[in-house]
Amino acid sequence: MDVRQLRYFIAVAEQLNFTEAAKTLYVAQPAVSQQIAYLEKKLGVQLFIRSKHSVELTHAGTVFLKDAREIVQRLDASIETVRQAEEGLVGTINIGLLSVSVRTFLPLVVRSFRKKYPNINIHFAFYNVGQINQKLENDEIDLAFTLSHGLGSMPGIACKKLWSQPYCVIMPHDHPLAANTLLRLEQLAQEPFVMLDRAQSPQGYDHILALCAKKGFSPTIVSHASRIDAVMLIVDAGIGITIQSRHVQMYATPTLRLVDLEGDDYEVDVVASWKEQTANRSVSLFLEEVEQTLGESK
């Protein structure tokens, strides 16, 4: 039994006329009669009562019609689902992101995307920069919203710049430098530094040290922390200052002061990143939505 025989059977059952059924199927009438005969032989039952002037369903045919319609409908639905999956219209996107870098931007993208593509599921997980880079490389996430640290040296990873984020100095509000609107990096040469653990963002950690080295000093690091909110707490306690991208300002308390660094070298890109050879076609649809949202926000 094949689906063609089921379709022929349904057409005849609905038309109760072999000739009219053949017209709806765009085939010759003998082909329909032949396939119905094959189907009855396979089932071992008579599906139609035929006469010169009429065609009627048998009791067995009436029962079989319901099942035949369900089978064909399920098959058609499965075929459509497979086609949509091939086009990326059905599936799942696993997204990794920093907790605050796109907090105001991403919900707008997701809302619009879900209206257009309700059959694509989106799963989010929060990681630090180092974890995001590793999970991208290992195909554990499909797409990431992160900082550009280290991505340029990762083969096979594509990036789209969303915007630039300046670095700033974070210090207690009563720090002697807190009244400045801008600071030169060399002004911090004698300051104690609080750093996010290198394991959390190796490239970002090394980048800060490299910036300091270009200004002729190596920062005196007095404390490390494994979480950015812990870094902010240590700074707030007066133990030292820190340099971070401004995306962390959502963690800042009223007793902290954020001062931008003077110069064009002190910024990092907020990016969307993904595997260039990703097999997940839904990723390109999501990136199109990102592009559109960025355009509308300009």
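**Note on the predicted model**

1. Start with an exposed loop residue. Asp 139 is exposed, at a relative accessible area of 53%, because the cut-off for exposed is over 50%. Asp 139 sits in the loop between α6 (129-137) and β5. Its phi is positive, about 60°, although Asp 139 is not a glycine. Most residues other than glycine have a negative phi. Keep in mind that this is a predicted model.

2. Leu 16 also deserves a look. Its phi is positive too, about 50°, and Leu 16 is not a glycine. Leu 16 lies in the loop between α1 (3-15) and α2. With 38% relative accessibility, Leu 16 counts as partly exposed.

3. Ala 28 belongs to the loop between α2 (18-25) and α3 (29-43). Ala 28 is partly exposed, and its relative accessible area is 48%.

4. The largest pocket holds about 560 Å³ of space. Its lining counts 28 residues, and Leu 98, Asn 128, Leu 196, Ile 228 and His 247 are the closest to its centre. Which elements give two or more residues to this lining? They are β8 (192-196), α7 (202-214), α8 (228-236) and β10 (242-245). By residue type, the lining of the largest pocket has 15 nonpolar, 10 polar and 3 charged residues.

5. Helix α8 has a buried side. Ile 228, Val 231, Met 232, Ile 234 and Val 235 are buried in α8. Viewed down the axis of α8, these buried residues fall within an arc of 160°, so they line one face of the helix. The cover over the buried residues of α8 includes β6 (157-172), β8, β9 (220-225), β10 and β11 (256-261).

6. Next, the nonpolar cores. In soluble globular proteins, nonpolar side chains tend to be buried together. Here the largest nonpolar core has 57 residues. Those with the most contacts inside this core are Leu 143, Phe 145, Leu 162, Leu 185, Leu 188, Leu 261 and Phe 286. Another core, of 20 residues, lies apart from the largest one. Its members include Ile 10, Ala 11, Leu 47 and Val 55.

7. Take Leu 162 in more detail. Setting aside neighbours within four places in sequence, Leu 162 is in contact with Val 102, Phe 105, Phe 145, Val 270, Val 271, Ala 272, Val 290 and Leu 294.

8. Leu 147 is part of strand β5 (residues 143-147). Is Leu 147 buried or exposed? Leu 147 is buried, with a relative accessible area of 4%. Beyond four places in sequence, its contacts include Leu 98, Val 129, Ser 245 and His 247. Val 268, Asp 269, Val 270 and Val 271 are also among the contacts of Leu 147. Asn 133 is 14 residues from Leu 147 along the chain, and their C-alpha atoms are separated by 9.8 Å.

9. Finish with Ser 273, in strand β12 (residues 267-275). Ser 273 counts as buried, at 0% relative accessibility. Which residues does Ser 273 touch, not counting those up to four places away in sequence? They are Leu 136, Asp 142, Leu 143, Ala 144, Thr 146, Leu 151, Ile 157, Ala 158 and Cys 159.

Methods
Residues numbered from 1 in each chain as written. Predicted model: local features only at pLDDT ≥ 70, side-chain atom pairs only at ≥ 80, totals over all residues. Heavy atoms only, no water. 1 Å grid on protein atoms, 1.4 Å probe; cavity = no way out; pocket = protein on both sides within 12 Å on 5 of 7 lines; lining within 4 Å. Points joined across faces, edges and corners; volume = space filled by probe spheres on them. Helix = DSSP H or I, 4+ residues; strand = E, 2+ residues; numbered from the N terminus. Nonpolar A, V, L, I, M, F, W, Y, C, P; charged D, E, K, R; others polar. Buried < 20%, exposed > 50% of the residue type's maximum accessible area, 1.4 Å probe, protein only. Arc of directions from axis to C-beta. Contact = heavy atoms within 4.5 Å. Core = buried A, V, L, I, M, F, W, Y, C linked by side-chain atoms within 4.5 Å.
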